[in-house]
Amino acid sequence: MIAHLSLSFLTFMLPIVAAAVWKIRSILRAAAKAEQDALPFVPTPQPEAALLRGLPSARRIFLLQHLKVAGSLYAVMAWTIAFIFTLPLFTVASANSDKWFNHSAYLWYSFIVGASHSTQFFFTMVLFSGIAVIMPMRFGPEARFYRTRPIPVSFVFWTKVLSVLTAMIAGAATGIALAFAILVALHGPIWHNLPATIPRLLGPDDSDVAQLYAGLLVTSAHSIFLSILTTITLFFSLVVFLGSAPVLRLRSNAALPLLMIPAAFVPLAIVIISFSSNGGTSYFFRTLYIYLSLGPPPPLIYALVPIALAAICITGARLFTNHQDI
Amino acid sequence: MTTYAIQTNALVKTYSLGNKKTHAVDGLNLNVSEGSIYGLLGRNSAGKTTTIRMAMGLAHPTSGDIKVFGLNPARDPERIDVLRQVGYVPEDKMLAALSARKLLELNRNFYPETWSDDLARKVIKRLELPLDTAFMKLSLGNKTKSALACAIAQRSRLLILDEPTTGLDPIALDELLRLLVEDCTAEGRTIFLSTHQLAEIEQIADHIGIMDRGRILLEGPLDDIRSSFRRLTVTGAALPTSHPGILSTRRQAHATQYILQSAPEAFAQDLIANGATIVESNPMSLNEIFLELCRTSESTAADREEEFA
Amino acid sequence: MLSLRISASSGVPVYLQLEQQIKQAIASGLLQSGDPLPSTRRTAADLRINPNTVARAFQNLEREGVIRTVPGGGTFVASVASLAPGLLKAEKLRRLRPLAEQLAVEASQLQLPATDVHKLLDAALNDLAKARRTRTPNSSGDDQ
C-alpha cells in the first residue's frame, strides 16, 4: 500500500519536476552562454501578439508575461486534477471493494470521493497561488518596479488576479474533463450501472458501506464538479483579500516566510472541520457550495453565494491596493 | 510662471510602529524648479527616501501634498502621466531581480516614446556594466549601475535618484557625473537626487535643499547659498551676539567666531564701524555649511525637548 | 588646450571660478581672440559641473565682451582689440574698482604697507606680460 502510494506520487511529480528542471536548466544554460558571449546591448524586438495590438506596449508586455505564467499554472492544474481523479481507477481495490454491489458502483464511488477529497489539495494550491499573486504587488523590488512604471494600478491588479484565477479554473475544468474522458474510455458510462436500492446482502458490520452507498446515490456529479470551481474561486479571492488588507503591514519582506506559517493552518483547519463535520458545519459549507463529503447536492442557486462573495473580496482587495504604501 | 518638477506643501508622513509614531517627513516644503540639478542633502533618516517614495507614488502622504509636474503622483490617471516622465533609481537599487540586459530589455517597453538604445549602450560602456551577470552575483555597485542605466536611457523629463552613488568606485562615480551632465540635462530636463555624500553633489548641483528631521533647513541656488554663508573671526569689545544673519557664535580665547547665513558683508561693515577687527573672513564649503546647519538644528531640537520636559 | 580646473570646496561660486580662469587664460595669451571655446554642455561634462553654471559664466563673460557667441556657430574669444578701445577708460576703471577696494581692505587688515601692495601688483602684471610674450607666436622666432 505504502509502496503503491509512493509510486503514484512519483508518477504525479515526475512530469512537473521534469518540466521544472528542464526549464531551470535551459535558463541557466542561456545565462551562462550569454555571460560567455558578452554581446552588445541589442534588444530583441517585442513579441507580436495580434490580439493585443490595441494595447500600449507597456501593458502588452506586462500582460504577455502574466499569460505565460498563467499558461504553466493551467498545465499544472489540469495535470494535477486529472491525476487525482483518475488515481482510483488505477489503484488496487481496497479491502472493502468486494462488499460493493458491483465493480461499477465501487469505481464510481472512488471517482466521486476522490473529487470531494481533492478539495484539500486545492486549498494548498490556491493558497500559494493567492500569495504569489498578492505579495509581489505589495512587497519587494518587483512591486516597486511595476508601481513606478507607467501602467495603471488597476491594470496590474486585474492582470495578476484574473490571469491566475482564470488559469486555475480553466485548468481544473480541463482536468475534470480529462479524467472523465479517461473514465469513460476505460469503463464506459458506469454511472448507469448502479443498483437503485441497497441489496440485503450486507451484514450489520457493513453499515458504513451502506451509508456511503446511500450517499453516493444522492450525490450529483455535476454539483461536485461545479463546487470545485466555485470553491477555488472563493478561497482564492479570500486569500487575495486578506493578503491586500492594510492590517498586513511589513516594513521589509524579510518577514514574508513567517506569513506563510499561519496561512498554512487555514486549509488544515478547514480539512479538519470537514472531517468532523456535523449538521451545523455541513450546513455552513453547503451554503458556500463547498462539497466536502458525499450527500445530497446543495441547491444550484447556492453556487451564486461563493461567486458573489468572491466578487466582493476581489473588489475589496482592489480598493485596498489604491492606498497601499509599497 | 515658473514650473516646478517637484513641489511639496506642508508634506507630512508618519509611520506608527506599535505605540510609537515616527514623523519621517514633518511639514516639508520643497520647490524643485524645472531644468535644475537639485541635490537633497541630509543625514541618514532625515526623510529623503520617504520624500522620494511619495514623489514616486510608492507612499501616500499622511497630510499635505506633493505634486510632480503639478500632478498627483499617487492617483491614476495623473500618476501615469507622472511616471511616463520620470526615471527612478531606488534606494536599494533593486528594480527587479534580473540581469542588467533583461532589466533593460524589460524597461524599454515601458517608455516607447523616449527610450534610447544608443544612450543605453553609452551608459553600459561608460559605467562598464556587465550585462549578463546573474542578479544574485551582481555586486552592489553593479546593481546601482544597472538601475542607473535603466533610468538614464529612459531620457525622462525628470530623473529621481535616491543615493545614486552607492557602491560606485571613484571612476564609475566620475563617469556617472559626466553622464548626468552630458545626457540628462538637455532640453530643460531635471535631476533630483538625494545623498549624504556632499562632494559629488557640490560639483553638479545648482540647487540644494538641506533636510533634517523631516524638515527643510535651507533651500536655494547653490551659488547664492555659498555667497551668503561666511565664517568671520573677529576681535574687539562689545561684539553683538544676536543678529538676524548669525547662525552660530563661538567664543574662543581671544576672538569670536561667527557663522553667518545671510548678508555677511553688511554684518562685517557693521562690526568694523563698531570698532571690531576682522581677523579672518572665509567662505564656507557646502560640507561646512551642512555640518553647521545640522548641528544648529540639533541643538535647537534639544532645547525644544527640554522645554517640553 | 584650455584646461579649466574647478575647486568645489573652496567656497568661491563655481561660475566665478570659471570666469576668472577664462579671463586669466586670455590675459596670459593661452586663449587668443577668435579661438573657439567648447560648448556649454561640453565644458560642463568635462568638468562634471552644472551646465546652468557654465551658461551663467559664459553669459557674464559675453556681457562684459570677453567672449562672443555666434548663433548656431559656437562661442569664441572676442578680439581684445575690438573690446578694449571700445570701452571708455572710465568704464574700465569702474570695473576694476571693486577689486582694488577688496585688495586694499585685505592689505589693510594684514597691515601691509602701500608700497608692498604696489610691488605685488607690478609683479603680477609683469608675470602676465611675460606669459603673453612667450605664447604669442609672431613675437618669437620670426624676427630672429
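## Sheet, helices and chain contacts

In this predicted model, chain B holds an open sheet of 6 strands in the order E5-E6-E7-E3-E8-E9, with mixed pairing. Strand E5 (86-89) and strand E9 (215-221) of chain B stand at the edges, and each has a single partner strand, so one side of each lacks a neighbour in the sheet. Direction ignored, neighbouring strands of this sheet are turned by 15° against each other on average.

Within the sheet, strand E3 (residues 37-42) of chain B and strand E8 (residues 207-212) of chain B run parallel and are joined by 5 bridges. In this pair, Leu40(B) stands opposite Gly209(B) of E8(B).

Which strands does H5(B) touch where it packs on the sheet? H5(B) touches E5 and strand E6 (158-162) of chain B, and its direction makes about 175° with that of E5(B).

The next contact is between two helices. Two packed helices are described by the angle between their axes and the distance between the axes. Helix H5 (residues 140-153) of chain B packs with helix H6 (residues 170-183) of chain B at an angle of about 5°, and their axes are 12 Å apart. Angles under 35 degrees count as roughly parallel, and H5(B) is therefore roughly parallel to H6(B). On the H5(B) side the contact is made by Gly141(B), Lys145(B), Leu148(B) and Ile152(B). On the H6(B) side the residues are Ala172(B), Leu176(B), Leu179(B) and Asp183(B). An α-helix has 3.6 residues a turn, so residues three or four places apart point the same way. By class, the contact of H5(B) with H6(B) comprises 5 nonpolar, 1 polar and 2 charged residues.

Chain B also touches chain A. Here 31 residues of chain B are in contact with 26 residues of chain A. Helix H2 (78-84), helix H3 (100-108) and helix H4 (117-127) of chain B are the elements that give two or more residues to the side of chain B that touches chain A. What is the make-up by class of the side of chain B that touches chain A? The residues there divide into 19 nonpolar, 4 polar and 8 charged.

Between chain C and chain B, the contact takes 16 residues from chain C and 24 residues from chain B. On the side of chain C that touches chain B, the elements giving two or more residues are helix H2 (40-47) and helix H3 (51-63) of chain C. That side of chain C has 8 nonpolar, 6 polar and 2 charged residues.

Read along the sequence, chain C follows the pattern α-β-α-α-β-β-α-α-α. In chain C, 58% of the contacts between residues at least 6 apart in sequence join residues at least 24 apart. In chain A, residues 24 or more positions apart account for 83% of the contacts with a separation of 6 or more.

Helix H5 (residues 153-187) of chain A has 35 residues. H5(A) reaches 51 Å from its first C-alpha to its last, close to the 51 Å expected at 1.5 Å a residue. Just after H5(A), Gly188(A) takes a positive phi of about 75°.

Conventions: Residues numbered from 1 in each chain as written. Chains lettered and ligands numbered in written order. Predicted model: local features only at pLDDT ≥ 70, side-chain atom pairs only at ≥ 80, totals over all residues. Axes fitted to C-alpha atoms, helices over the stretch in contact; angles between N-to-C directions. Helix = DSSP H or I, 4+ residues; strand = E, 2+ residues; numbered from the N terminus. Parallel < 35°, antiparallel > 145°, perpendicular 65-115°, else oblique. Contact = placed C-beta atoms within 7 Å. Nonpolar A, V, L, I, M, F, W, Y, C, P; charged D, E, K, R; others polar. Expected span 1.5 Å × (residues − 1). Pairing = 2+ DSSP bridges.
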